[in-house]
Amino acid sequence: MSKSNIQTQLTQWVSKKAEKRCCDDSTGPITKKLHTSDPQSSNSKNIIPIESSTSDPQSFNSKNIIPIESSTMTQNDESTKLSKTTCNSAVCDDTYNMDIGNFLRTPGRTLSDNIKVKIINMDNIPPDDFIYPFTMNIRNGKNVKRSLRKSYFEQNKWLIYSHVKSGLFCKYCVLFSNKGGRYNTITLKKFIIEPVTKFSNLTGKDGDLEVHRNNKYHITAIQIADDFLKTLYNPQNEVINFINNERLSQVIENRKRLKPIIESILFLGRQNILFRGHREKGNILDNNDSIVNSGNFRELLKYRVLSGDSILEKHLTSKSKSTYISPRVQNDLINCCKQIITLQILKEVKDSKFYSVVFDETTDISHVSQMSLILRYIINGVVQENFISFINCLAYTYSIQEDTDNNICEPKLTGDILGNTVIKILKEFSLNLDYCVGVGTDGCSVMVSSIRGAVKTIQSIAKNAVHCPCANHALNLAISKSSTVQCIRNNVGLLKEIISFFNMSSKRNFVLKTVLNCKPHLKSLCETRWVERHDSIMIFKASIPQIIEALTNISEWSEQDSSSKAKILLTAMCTCEFIISIEILSNLLSVTAPICKILQGTDNDVLAAFDCIQDVISILENKRTQCEKVFQQLFEDSSLLMKDLDIEIKTPRLSKHQINRSNHQSKSTEEYYRVSAFIPLLDNVLEDLKSRFLNKKNKTIMILIQLIPKHIIHIDDKMINTVTETIVTHYKFDDEALEESQLKSEIELWKEKWNRIKSEARELQVLSRYI
């Protein structure tokens with residue numbers, strides 16, 4: 001989108017805000033509506049008149065804009081939270097649901113110019129997938145079905161169908177007609193405030209369409225709409241501007257004043273720079289030598305002035321109080337950017353028709369439950385993943401009410417609530433849930449539960465949505481199954497304590513760094529950054545001798561707390577069980593660590609992730625099959641390390657009646673740890689990996705992946721039949737069943753086409769060598 005279009009849209013936004021905002025004499029005069037009959041009302045020194053845009057409001061293109069969300073706002077404005085669009089206020093500006101039935105005339109209700117323009121320019125012809133309704137009429141004693149037809153809408157551009165009211169309206173009369181009759185005293189109903197729901201008498205000389213078309217109030221409404229658009233798109237032709245040329249020149253000048261302000265906001269948004277400062281009051285150009293941080297926005301404006309922006313300097317040094325740089329106006333402009341970008345993304349999604357939704361919920365640093373929502377779709381052959389919104393789940397779901405006992409109901413975020421929240425948001429965006437073909441989440445139980453999970457709730461409405469969980473998260477959850485092995489769980493907890501012991505004190509950390517010399521420093525076990533968890537254990541294993549040396553030195557300090565804690569950790573660490581457990585765990589993570597990094601790549605698809613997991617499962621199964629040989633090598637490495645550290649190699653005390661810890665009867669220490677730690681760890685991880693990745697849902701996704709060109713050229717007849725059966729079973733669009741034979745033939749045609757293209761490409765490569 002060009003900067004001029006963005007500035008035009010933001011100027012319209014500020015104009016609407018200026019129309020609504022008023023204040024008393026202590027803060028400035030009341031802001032008048034700009035289209036007033038009094039030309040002198042715009043000459044107030046404290047008011048900046050802003051005209052409507054001269055550009056086409058439909059010419060949006062936000063490819064050059066970075067989405068700006070509420071996290072960049074300058075105040076905790078409750079109005080910035082996403083909430084369900086309503087029309088209870090005097091000025092209705094429903095951004096997403098443009099059904100004509102939502103904008104009927106009611107007492108005290110006024111539509112904004114923006115809404116009127118959108119309704120007038122709205123295409124009245126229903127989409128191709130629209131199912132035309134019908135009514136039954138008794139004629140000559142027989143029931144006759146009379147249906148709406150596409151030709152009715154093509155011949156009558158004013159005719160539009162309302163899904164909300166399930167009937168026909170005249171969009172011009174809804175907007176611009178109120179009374180009819182000879183003296184304009186009769187309240188108009190049909191096609192205006194009441195829908196036409198019976199279709200038996202639409203056509204003909206005395207039909208409803210012909211009668212309405214010839215009514216005087218209808219002809220007048222069309223003329224008013226035409227004049228409205230001419231005035232909106234060409235404000236220089238407005239009567240008030242012909243009368244008051246000075247006002248027109250002031251409008252042009254004020255647009256120039258707003259331009260650097262809007263450009264600064266767009267710059268900060270693209271660069272993801274915060275606006276907020278310590279002092280956001282007073283004149284920007286005062287106290288240029290002050291060291292107080294005024295915030296990035298105000299400092300950027302000051303820099304523009306110092307760089308020679310005379311228009312901005314004139315605006316900021318004028319006596320007008322309406323400078324349009326307050327935190328409130330900044331938030332308004334940020335919201336305007338958000339709405340423009342959101343509309344562009346939704347337009348692309350609707351043009352591409354099919355889409356997937358990716359979402360996750362977490363608590364941010366300000367202790368607010370935030371859900372991030374992303375739409376994935378294909379436009380012009382390119383896969384797009386665009387962030388659409390942050391949703392405060394608790395605020396969106398619950399309205400906190402106090403009962404008679406002043407008790408607040410307990411807010412909960414279950415899978416049902418998260419799923420219903422996503423469904424409501426998609427409906428508010430006017431997205432057809434039948435065209436939602438995929439759902440992407442992590443693998444936690446709240447999301448994937450088969451009974452009350454968020455995915456299950458979404459799939460109950462979006463019948464064609466296939467769940468595709470995050471492979472990396474599922475791998476991490478499978479590895480976490482190692483905590484079910486008692487000795488592994490206990491020693492990982494000890495490892496965390498040792499790392500925390502050094503990180504909590506600068507003196508202890510200095511001793512460790514001195515001993516480690518140039519070796520990598522210890523990393524904490526991060527719960528969310530899974531690659532760092534692998535690295536943490538690997539680094540700890542390689543630094544065990546240096547860690548023991550550092551603990552030994554600290555245990556000799558005179559400081560009681562540090563020395564006693566170091567002695568306890570040293571005693572717990574210098575055991576056969578700890579050394580062997582760390583060796584076993586690092587052996588497992590050495591297999592999964594590279595895969596974890598690969599799965600975080602941006603160029604991987606589901607098939608690549610599945611192949612990586614298959615490789616991991618294959619390697620672990622091979623280790624399980626040859627567990628005696630593999631563990632023998634691990635035990636030898638552990639024995640050498642324990643010999644160097646003077647740690648005794650022994651089996652824990654066994655008892656015939658022990659049930660709360662590993663109590664396997666064995667002939668040697670090696671056999672004991674192989675049976676009690678190594679084999680259970682492999683079994684638990686393998687079982688969880690297979691249940692997460694080799695289940696029926698993932699197999700369905702893998703079958704559908706075969707339709708991608710690089711895979712479809714290799715499929716055989718058996719796989720074609722499998723793909724066809726899967727599609728027919730899982731998908732149903734437009735209430736029409738897919739014909740299996742036709743689908744199979746189409747897949748064969750696509751296979752032939754891509755094979756031909758591949759052959760032609762090879763021939764071109766061969767020819768290019770001889771040219």
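Select helix H2, residues 113–121. Its buried residues are Asn114, Ile115, Lys116, Val117, Lys118, Ile119 and Ile120; buried means under 20% relative accessible area, exposed over 50% and partly exposed in between, with a 1.4 Å probe and protein chains only. Because seven of the nine residues of H2 are buried, the helix is largely enclosed by the rest of the structure. Helices (H or I, at least four residues) and strands (E, at least two) are DSSP runs, numbered from the N terminus.

This is a predicted model: local features need pLDDT of at least 70 and side-chain atom pairs count only at pLDDT 80 or more, while totals for chains, interfaces and linings use all residues. Residues are numbered from 1 along each chain as its sequence is written, and side-chain values use heavy atoms, leaving out hydrogens and water.

Next, select Asn156, in the loop between helix H3 (150–155) and strand E5 (159–162). Asn156 is buried, with a relative accessible area of 1%. A polar atom of its side chain lies 2.9 Å from the backbone oxygen of Tyr152. Apart from neighbours within four places in sequence, Asn156 is in contact (heavy atoms within 4.5 Å) with Asn124, Leu209 and Arg213.

Finally, select helices H8 (residues 245–270) and H10 (residues 310–317). Their axes, lines fitted to C-alpha atoms over the stretch in contact, come within 9 Å and cross at roughly 100°; angles run from 0 to 180 degrees between N-to-C directions. H8 and H10 are therefore roughly perpendicular to each other, a term for angles of 65 to 115 degrees. On H8, show Glu253, Lys256, Arg257, Pro260 and Ile261; on H10, show Ile311, Leu312, Lys314 and His315, which together make the contact.

Notes: Parallel < 35°, antiparallel > 145°, perpendicular 65-115°, else oblique. Polar contact = N/O pair within 3.5 Å; in protein donor to acceptor, adjacent residues only side chain to side chain.
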